[in-house]
There are 2 protein chains.
Amino acid sequence: MADVTADLDPEEFRRLGHAVVDWIADHRAGLDALPVQPGVDPGWVRGQLPASLPEDPAPLDALLDTVDRVVVPASTLWQHPRFFGYFPANASLHSLLGDMLSGALGAQGMLWSTSPAATEVEQVLMDGFAAALGLDPAFTFAGGGGGCIQDSASSGALVALLAALHRADPQWREAGVTGDERVYVTAETHSSLAKAARVAGLGARALRTVDTTPGSLGMRPDALAAAIEADVAAGLRPVLVCPTVGTTGTGAVDPVRGVAEAAREHGVWVHVDAAWAGVAALCPEFRDLLDGVELADSLSTDAHKWLLTAFDASLLWVRNGAALPAALSIAPEYLRNAASESGQVVDYRDWQVPLGRRFRALKLWAVVHGTGLSGLRSHIREHVALAAKLADRVRADPAFELASEPSLALVCLRVVTGAGPEADDAATREVLARVNASGAAFLTHTVAGGRYVIRVAIGSVTTRAEHIDELWDRLRAEATSVVRS
Amino acid sequence: MADVTADLDPEEFRRLGHAVVDWIADHRAGLDALPVQPGVDPGWVRGQLPASLPEDPAPLDALLDTVDRVVVPASTLWQHPRFFGYFPANASLHSLLGDMLSGALGAQGMLWSTSPAATEVEQVLMDGFAAALGLDPAFTFAGGGGGCIQDSASSGALVALLAALHRADPQWREAGVTGDERVYVTAETHSSLAKAARVAGLGARALRTVDTTPGSLGMRPDALAAAIEADVAAGLRPVLVCPTVGTTGTGAVDPVRGVAEAAREHGVWVHVDAAWAGVAALCPEFRDLLDGVELADSLSTDAHKWLLTAFDASLLWVRNGAALPAALSIAPEYLRNAASESGQVVDYRDWQVPLGRRFRALKLWAVVHGTGLSGLRSHIREHVALAAKLADRVRADPAFELASEPSLALVCLRVVTGAGPEADDAATREVLARVNASGAAFLTHTVAGGRYVIRVAIGSVTTRAEHIDELWDRLRAEATSVVRS
């Protein structure tokens, strides 16, 4: 039998790895000169690539050439300093170093025993971030709770819902859902909650949309209490409420304390979705955002949005460290091992839906090691300051108005034509389309209070004052042109 | 406002990235000299690390030092050539190069429009692998089906189940599950199916465990047909059956064709779990493994087990390309865009539970680019040949016996003491514990037919004949010592 080595040997990897690092450095250094969004049509990429897989190996140079020629020109550049769409997806260079180390180890952290380091580094980081965010110590492993890294806040919401279903009904693992469960959200809640309810077998009818306070768009605790009471009176089972800290649309903040107090009487699980905004609590001046979270059962915030850590790294904490394993554990023979049976270890497979898991903690660790908490705070503060400055410009320019007060680093604005709301909406939509088509910046929209709104989500790793200046100049120029035409 | 840069600048990254690449090359080159499994106690890693996060940044060298001092010694080394546990987790150096490029782009491929390249490269690869595996063209986008990369086969099974629930009941999205749904597995089916049923709100009672043929441990189509008929007669709703190609325990193969024929009459969704073994169908001589898959609705096989691609990259194909979006799509305003509304693109967020997704196709592409299909076939063939050679040694040695015939590169064996099954089981257990404690190799176990079995899963990227020789010598020495004592 030939001793075939399909993989690179380490010395080849050293040479090619250096070439890829150089490619990355050049790509990142050159981003500012590229359009943020590509102008390609559906099918263009497929048309550029061979339809069948290669029979023989080819050198890395050929791959890099195709990446340059096909992939980059057809990529929306989320790491571009003038990317202001959705929420940021901070793939910092620090985090890439950590992720490379994770790839090197190639560990499968499904059980403590399958990689003690992968589990315990994650525990240390989750406890450390809990403290740095000012969370109640009950959310740490030392305090009886604990945290883990999920791939996304969607998955965090799903497992929180599963734990809530298990807590609400000891028969759930055996008998499934009954159809009487109810989940409380608002019209501003992220769609991942509706998806979680669907995945969990509850269906859309299980969702109760609680009224919000006009203006703030925050969930009304009195309306929540009334909805829960009415459902209980009707023989239904309130299971989970999701207050949001920083909604996707406009960055609205639900009053977590009031929500949690309204939920308490009937034992409703409180899952706080702070996917984007939660990380700002690293700064003492923004810690009020998490007021009341000490009364919640679980909290999600994404390190992969605004905390410099490459997707995927969504941080989920639960007050009861046994809650997720109680809901999710299944123990086939081949996973049995002495460490698990000792009860002294955490097996993170029982904190998530998939069995396998990467050593994601390394990229988060590389970030906080390379920046320190002080660097993370500066990163957040700079973007919040840039948002305040942009909001001032919007206020001072009669051609624009704020759709709502800025929330941290999110500015929601619209064009003012003087010809009424419909004309304003049409102009706002057109300005957004033109800015995006120009490639000079990338923006996304929402509809709030029935009105079309441009969202400017500041937070890309390299976004600085000059990029906001460029955006603002472009917005003004396009608005002038649109209103004139 | 200070122009604070929390991240590395590209030139710093170039320097540090080279250092990390060197670390990776050295680590991989030195693996053979390290113990495969660490001897650390629970809490050791946590005790080595500061309890709180650093306030100030520190140089990369300090992180690498901690990785050397704490992480590597506390890691089960899945990339070690003498790792034979569970199934392999091939984090090839080729795939690391691709993953680095993915990190560089930092794309979020939730929608086609959020990164056309991320979506279309994945489509091209999934169609290309479908052809290379000999799948029915119906599983390609060109044929009306399609494929996507999931994080794990667990998640693939879950979304297949959700699509099946939706197909079985048009009210599912609105009203949830009814409690009448039934899912068919065997005692050998992976626990992810039971977990999927739990997550989906069906509960354990929804699982029907179909009898297997003694010896082969394959699902009996006649028993499946009878179970389905009985459930239909009882007013229940058969939803999904999961035949496995290469079970986790012993690599058993369910007769997919017979299962699919039994499922057809009542429209039961057939999801083929070929997580480990499916990739072997790249070799024509193993293509029979997938006989009957052309009758199935979906198929999973993991590139991250035995196909050189770092976790996570589980390949899922569906016959009906509309099935997953029909079950999973939710369209909030902020995700609306012209491309999605044109109907001309695939939005992969609707093929999975999480909203966000990485550009995982790049690592798979880097693998097939760097090895060619010919390299992938050699990789698989070499390990199958090594398994055959090990099985021959087991057959020839009276101190051992095969627990079952080898399945591809999985050899299941036990120690023979001459003192009966209980003594054999105890000796087998003790030999496994001693081999693992020695650090010379890492093995895991299962229980099959009530007997304790050592699984030797050959397939790590760098495993060669000499590593099997070393394992065999160690097994023989430990068996001699255990039987003597």
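1. A salt bridge here is a side-chain nitrogen of Lys or Arg within 4 Å of a carboxyl oxygen of Asp or Glu. In this predicted model, the side chains of Glu285(A) and Arg381(A) meet in such a bridge, at 2.6 Å from N to O. The pair therefore falls within the 4 Å limit.

2. Domain layout of chain A. Domain 1 is made of three segments, 12–37, 76–106 and 371–485. Domain 2 covers 107–358. Their centres, taken over C-alpha atoms, are 28 Å apart. Domain 1 of chain A puts 33 residues into the contact, and domain 2 of chain A puts in 27.

3. Area between the domains. Domain 1 and domain 2 of chain A bury about 2,500 Å² between them. Carbon and sulfur atoms give 68% of that area. Which residues of domain 1 of chain A lose the most area to domain 2 of chain A? They are Phe87(A), Ile380(A) and Leu408(A), which together make up 26% of what the domain 1 side buries.

4. Polar links between the domains. The rule finds one salt bridge across the interface of domain 1 and domain 2 of chain A. For polar contacts, the count across this interface is 16 residue pairs, with both residues at pLDDT 80 or more.

5. Elements on the domain 1 side. Four elements of chain A each give two or more residues to the face that touches domain 2: helix H4 (93–105), helix H14 (361–396), strand E9 (410–415) and strand E10 (444–448). H14(A) supplies the largest share, nine residues. By residue class, this side of domain 1 of chain A divides into 17 nonpolar, 12 polar and four charged.

6. The chain interface. Here 160 residues of chain B are in contact with 161 residues of chain A. The area buried between the two chains is about 13,900 Å². Carbon and sulfur atoms give 66% of it. On the chain B side, Leu53(B), Arg198(B) and Tyr334(B) lose the most area to chain A. Together these three account for 6% of what that side buries.

7. How many salt bridges does the rule find across the interface of chain B and chain A? The number is 10. Arg46(B) forms a salt bridge with Asp127(A), and the closest N and O atoms are 3.1 Å apart. Polar contacts between chain B and chain A come to 73 residue pairs, both residues being at pLDDT 80 or more. The side of chain B that touches chain A divides into 89 nonpolar, 43 polar and 28 charged residues.

Notes: Residues numbered from 1 in each chain as written. Chains lettered and ligands numbered in written order. Predicted model: local features only at pLDDT ≥ 70, side-chain atom pairs only at ≥ 80, totals over all residues. Heavy atoms only, no water. Contact = heavy atoms within 4.5 Å. Buried area = accessible area lost by both parts, 1.4 Å probe. Polar contact = N/O pair within 3.5 Å; in protein donor to acceptor, adjacent residues only side chain to side chain. Nonpolar A, V, L, I, M, F, W, Y, C, P; charged D, E, K, R; others polar. Domains from an automatic or database assignment.
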